[in-house]
Amino acid sequence: MNSSGRRGVVSRLRVFPLLTLTAFCIPILLGLAGTWLPAFGFLPVIGADQLSLAPFRELFSHPAYPGAMRGTLISGLGATILALACSLWITVTVYGSTLWRLLIRALSPLLAMPHAAFAIGFGFLVAPSGWLVRLVSPELTGYTIPPNWLTVKDPYGVSLTIALALKETPFLLLMCLSGLNQLDMRRTDWIGRSLGYSRVRIWTRLVLPQLYSQLRLPVLAVLAYSMSVVDVAMILGPSLPPTLSVLVDRWFNDPDVHHRLLGAAGATWLLVMTAEAIVLFIGCEWLIRHLTVGRLTDGSRTTPLDRLRWLGSVSAVGLLAISLGCLLILVIWSCTGRWPFPAPLPTDYSLRFWEKGLGLAIGPLAITFLVAALATCIGAVLVVGCLEYEVRLKQQGRRPDSQWVLWLVYLPLLVPQIAFLFGIQTAAVLLQVEGTLASMVGIHLVFVLPYIFLTLSNVYRNFDPRYIRVAVAVSGAPVRSFFQVKLPMLAKPIAFAMATGFAVSVAQYLPTMYLGAGRFMTITTETVSLAGGSDRRIVAVYALCQFLLPALVYGVAIFLPAWFFRNRKAMQN
Amino acid sequence: MSLQLEGLQITFKGRRLFAPVTLAIPNGEIATVMGPSGCGKSTLLAAIAGNLEHGFSVSGRIVLNGRELNGTRMEERRVGILFQDDLLFPHFDVYGNLAFGVSGKLDKKERRQRILEALERTGLADFAHRDVATLSGGQKARVSLLRTMLAEPEAVLLDEPFSKLDKPLRASFRDFVREQVAQLTIPALLVTHDEEDSCGGIICRLGGEEDR
């Protein structure tokens with residue numbers, strides 16, 4: 001055994017986890033500290049140098065605070081519970097069917113759709129003057145002018161909750177799918193049913209208890225995201241008052257610099273609320289586990305829930321239909337010349353808004369592409385390096401604690417963005433890197449890295465190490481073996497993970513706003529700012545551009561490896 | 001009464017997997033279906049259990065104790081299965097795995113008694129609250145069979161259950177299976193590619209159609 005040589009490679013590979021940790025721990029820690037200090041009244045640049053609780057007192061007595069809290073809690077907890085219930089029930093009842101296979105195919109485009117584009121399409125569907133009302137008016141409703149409803153921007157945040165739940169369900173479905181791939185589903189189902197258990201019982205007693213540990217962190221990420229999302233809440237959320245995250249964002253950008261302290265206090269409070277919600281979720285999970293553990297083996301074969309199986313198919317079809325509707329309505333509006341109210345379709349089509357919109361969007365699109373491509377490539381190198389390091393460590397018989405690594409990877413997804421971006425902005429200003437390409441790529445990297453890691457890690461870890469052993473034995477060149485054997489064999493999952501990272505970068509709104517210093521307008525920041533009150537036709541063009549960029553990259557990521565290995569049957573799957 | 005297969009055959013996309021199988025397995029006996037790997041042995045078991053994958057279709061009759069099984073739902077067939085992997089549920093202990101098999105219609109005391117009795121009878125009495133991951137291969141195989149048997153199936157299918165065990169373990173587990181089947185007096189169907197695995201009952205050879 002040439003163990004000293006191997007150890008040398010491993011210790012050189014150690015640079016990757018160290019770099020990766022630096023890439024996301026430093027910004028987050030810096031950002032949190034830079035937000036906590038002003039939250040306690042310390043921000044010397046504006047002359048505040050006395051530590052005090054005044055910003056928090058001001059926050060709690062602010063007239064908008066109770067309403068903002070209500071909106072945040074309803075949409076955050078509601079969307080998470082709804083998305084979890086929906087994705088689990090769909091998985092339980094539809095798994096293995098034709099509908100399930102259809103759903104799995106639709107997952108990539110659903111995930112590629114940025115939140116802002118989805119929210120805009122959803123708004124175009126359900127607004128009082130939206131497509132749904134138009135389709136049935138005036139025949140069923142009698143409306144010839146849009147009704148005076150509050151179906152979007154309702155004060156309780158119901159439309160925001162539903163839109164977030166619909167957008168997060170595909171993500172949780174994907175996580176269910178990858179968890180299920182690690183269980184022997186066919187034979188588990190066979191054993192359960194041969195013992196006489198109904199399908200739902202098999203899931204609740206055999207599958208979910210094993211699956212949920214894989215689902216826990218994704219669910220918490222959805223929770224943290226839903227509690228603190230800004231762009232979707234600006235498009236669909238309540239406005240007077242908005243959710244806490246939007247309110248905090250406004251305070252941070254208020255011309256009155258004194259509001260920075262209030263914003264920092266709000267951001268910190270949102271962090272506390274998110275942490276409490278996470279603890280609450282884990283507590284509920286613990287409680288449910290302990291209350292049901294005895295009943296799992298009580299031998300009862302059927303459950304009244306068996307009768308609700310249709311609900312899963314209905315949810316799956318509904319999810320697909322609404323998502324397709326969101327996309328379709330964007331396409332229709334982008335090609336509309338004239339569409340007077342209650343006509344079910346435009347009375348006049350025109351491509352002039354595409355001509356006008358594309359001309360304007362091309363600059364932001366280029367910047368979006370540049371930042372996303374750089375962040376994705378750096379992210380992919382770091383992730384592959386980290387995973388390779390982990391694999392080599394395991395080969396040496398050392399066991400890295402993967403659970404701990406996972407929590408670390410999830411860290412940027414569990415901390416509300418707004419709770420640390422202001423601090424990073426302050427630090428960036430001090431270091432004079434605000435508004436540079438490096439800082440933009442750096443901050444996008446923080447959010448891109450975890451997704452690349454999560455998409456790639458399972459496949460990478462399961463790569464059969466014997467291929468490399470054979471390659472090294474034949475060629476005697478470990479480095480060349482890695483590049484010529486392992487990377488090409490993993491080209492497909494790596495390309496897919498990179499496409500996911502790219503889509504995540506494209507969809508970023510807050511990081512671009514806080515570190516771009518107004519110099520970096522991405523397609524997302526432009527789309528969100530237009531969504532406020534511009535012509536629907538131009539908004540639709542922008543939203544479609546925002547969707548098409550990641551969709552194209554997904555397409556390339558799926559097509560290129562398939563084309564490259566078109567004559568290699570074993571590489572097709 | 002027994003398990004009868006009458007002219008059972010399976011087709012996949014119009015192609016027949018093997019010549020029609022006709023078999024009658026009396027209670028308490030283990031019939032063996034032999035054949036090279038890939039000839040459709042496991043698919044035959046899936047057809048009897050009612051768990052054929054999408055695209056397969058079955059013709060001929062499957063009759064268990066006078067009940068025709070064709071077309072009935074899998075969970076109503078009362079046909080147990082044992083795979084070469086133990087497939088013990090990792091989130092339950094040994095007792096939990098066995099309890100999962102016992103009918104829920106019995107009262108708590110009765111259930112408990114049956115499980116402890118089964119453990120006692122098979123020399124596993126001290127293992128009730130052991131994590132299944134800590135058992136040896138032979139113990140896992142026995143617990144797995146007990147779980148199947150405690151559900152009181154009317155027939156049991158054995159899908160190469162010995163192939164992952166070491167030589168000495170094989171013989172003792174084979175005796176164990178034979179004992180359990182005799183005790184419940186139900187028909188059992190074993191599929192294997194290895195002559196030595198046969199448990200002494202009827203032997204039926206399954207030939208790949210296309211190869212002949």
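1. Asp194(B) is partly exposed, with a relative accessible area of 22%; here buried means under 20% relative accessible area, exposed over 50%, and partly exposed in between (1.4 Å probe, protein chains only). Asp194(B) forms a salt bridge with Arg170(B), with 3.2 Å between the closest N and O atoms. The pair links distant parts of the chain, 24 residues apart: Asp194(B) sits in the loop between strand S9 (188–192) and strand S10 (203–205) of chain B, and Arg170(B) in helix H5 (residues 167–184) of chain B. Arg170(B) is buried, at 14% relative accessible area. For reference, a salt bridge is a side-chain nitrogen of Lys or Arg within 4 Å of a carboxyl oxygen of Asp or Glu, and helices (H or I, at least four residues) and strands (E, at least two) are DSSP runs numbered from the N terminus.

2. A word on the basis of these remarks: this is a predicted model, in which local features need pLDDT of at least 70 and side-chain atom pairs count only at pLDDT 80 or more, while totals for chains, interfaces and linings use all residues. Residues are numbered from 1 along each chain as its sequence is written, chains are lettered from A and ligands numbered from 1 in the order in which they are written, and side-chain values use heavy atoms, leaving out hydrogens and water.

3. Over all chains, the structure holds 27 salt bridges. One of them joins the side chains of Arg216(A) and Glu285(A) at 2.9 Å, N to O. Arg216(A) lies in helix H10 (residues 199–228) of chain A and Glu285(A) in helix H13 (residues 259–292) of chain A, so this pair ties together parts that are 69 residues apart in sequence. Glu285(A) counts as buried, at 14% relative accessibility.

4. Asp535(A) and Arg537(A) also form a salt bridge, their closest N and O atoms being 2.9 Å apart. Asp535(A) is partly exposed at 31% relative accessibility, whereas Arg537(A) is buried at 17%.

5. Do look at the two chains together. A network of salt bridges links Asp189(A) and Arg193(A) with Arg73(B), Glu75(B) and Glu76(B).

6. His91(B) is found in the loop between strand S7 (79–82) and helix H2 (94–101) of chain B, and is partly exposed at 28% relative accessibility. Setting aside neighbours within four places in sequence, His91(B) is in contact (heavy atoms within 4.5 Å) with Arg205(A), Leu206(A), Pro209(A) and Gln210(A). The His91(B) side chain reaches the backbone oxygen of Arg205(A) at 2.8 Å. Within chain B, His91(B) and Ala133(B) are 42 residues apart in sequence and 9.6 Å apart in space, C-alpha to C-alpha.

7. Helix H1 (residues 41–49) of chain B is mostly covered, with eight of its nine residues buried. Among them are Lys41(B), Thr43(B), Leu44(B) and Ile48(B). Gly50(B) follows H1(B) and has a positive phi, near 90°.

8. Trp36(A), Leu37(A), Phe40(A), Phe42(A), Leu51(A) and Leu53(A) make a nonpolar surface patch of about 570 Å². Patches are made of residues with over 30% relative accessible area and no salt bridge: like charges are joined within 9 Å, nonpolar side chains (Val, Leu, Ile, Met, Phe, Trp, Tyr) within 5 Å. Leu37(A) belongs to helix H2 (residues 15–39) of chain A and is partly exposed, at 42% relative accessible area.

9. The unreviewed UniProt entry annotates "domain: ABC transmembrane type-1" over residues 69–283 and 365–557 of chain A; such annotations may be inferred rather than shown by experiment. In the model, residues 69–283 of chain A are 75% helix and 0% strand, with their end C-alpha atoms 22 Å apart.

How values were computed. Areas by Shrake-Rupley, 256 points an atom, 1.4 Å probe, with all protein chains shown as cover. Polar contact = N/O pair within 3.5 Å; in protein donor to acceptor, adjacent residues only side chain to side chain.
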